[in-house]
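Please read it alongside the sequence and coordinates.

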Amino acid sequence: MASRYVVEGRLWAGGMAEVFRARRVGAEGFSRPVALKRMATRLSDDPEFAKRFIREAQVAAALRHPNIVAVEDFDRGEDGALFLA
């Protein structure tokens, strides 16, 4: 994952992605709990799967509702795997 996140544990793993409990960390001790969904590393080089994951992130980021968790970040980790927070 990106260095601005500290992974605390894996919550779920499936065929296409994993979900982790993590903390977004910043300057002066800033810390905020987040969930990270990371595309499986083995699929990150597959353009079709990457396109699906990117589309999922775009759709989820456009949604605003009290019962839907907001997407606050989308990027690639150091290992090249796509993830969203």
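**Sheet, core and pocket**

Val 25 has Ser 31 in S3 as its bridge partner. This is a predicted model, in which local features need pLDDT of at least 70, side-chain atom pairs count only at pLDDT 80 or more, and totals for chains, interfaces and linings use all residues. Residues are numbered from 1 along each chain as its sequence is written, and side-chain values use heavy atoms, with hydrogens and water left out. Helices (H or I, at least four residues) and strands (E, at least two) are DSSP runs, numbered from the N terminus.

**Sheet**

- Five strands form an open sheet in the order S1-S2-S3-S5-S4, with antiparallel pairing; two strands count as paired if DSSP finds at least two bridges between them.
- S1 and strand S4 (74–76) are the edge strands, each with a single partner strand, so one side of each has no neighbour in the sheet.
- From one strand to the next, the twist averages 30°, where axes are lines fitted to C-alpha atoms (for helices over the stretch in contact) and angles run from 0 to 180 degrees between N-to-C directions.

**Strand pairs**

- Strand S1 (residues 5–13) pairs with strand S2 (residues 17–25) in the antiparallel sense over seven bridges, and the two form a hairpin with three residues between them.
- Within this pair, Tyr 5 stands opposite Arg 24 in S2, and Val 7 has Ala 22 in S2 as its bridge partner.
- S2 and S3 run antiparallel and are joined by nine bridges.
- S4 and strand S5 (residues 82–84) also run antiparallel, joined by three bridges; Arg 76 has Leu 82 in S5 as its bridge partner.

**The loop between S2 and S3**

- Glu 28 lies in the loop between S2 and S3, and the hairpin of these strands has five residues between them.
- Although not a glycine, Glu 28 has a positive phi of about 55°.
- Most residues other than glycine have a negative phi.
- Glu 28 is exposed, with a relative accessible area of 82%; buried means under 20% relative accessible area, exposed over 50%, and partly exposed in between (1.4 Å probe, protein chains only).

**Nonpolar core**

- The largest nonpolar core has 10 residues: Ala 17, Met 39, Ala 40, Leu 43, Ala 50, Phe 53, Ala 57, Val 71, Leu 82 and Leu 84.
- H1 and S5 each supply at least two residues of this core, and H1 gives the most, with three.
- Such a core is a set of buried Ala, Val, Leu, Ile, Met, Phe, Trp, Tyr and Cys residues joined through side-chain atoms within 4.5 Å.

**Largest pocket**

- The largest pocket holds about 310 Å³ of space. On a 1 Å grid over the protein atoms alone, a pocket is an open set of points where a 1.4 Å probe fits, with protein on both sides within 12 Å along at least five of seven lines; lining residues have an atom within 4 Å of a point.
- Of the 16 lining residues, Ala 35, Val 69, Ala 70, Leu 84 and Ala 85 are the closest to the pocket centre.
- Strand S3 (31–39) and helix H1 (47–62) are the elements that give two or more residues to the lining, and S3 gives the most, with five.
- By class, the lining has 12 nonpolar, no polar and four charged residues.

**Val 59**

- Val 59 lies in helix H1 and counts as partly exposed, at 38% relative accessibility.
- Val 59 and Val 69 are 10 residues apart in sequence and 12 Å apart in space, C-alpha to C-alpha.

Methods:
Points joined across faces, edges and corners; volume = space filled by probe spheres on them. Nonpolar A, V, L, I, M, F, W, Y, C, P; charged D, E, K, R; others polar.
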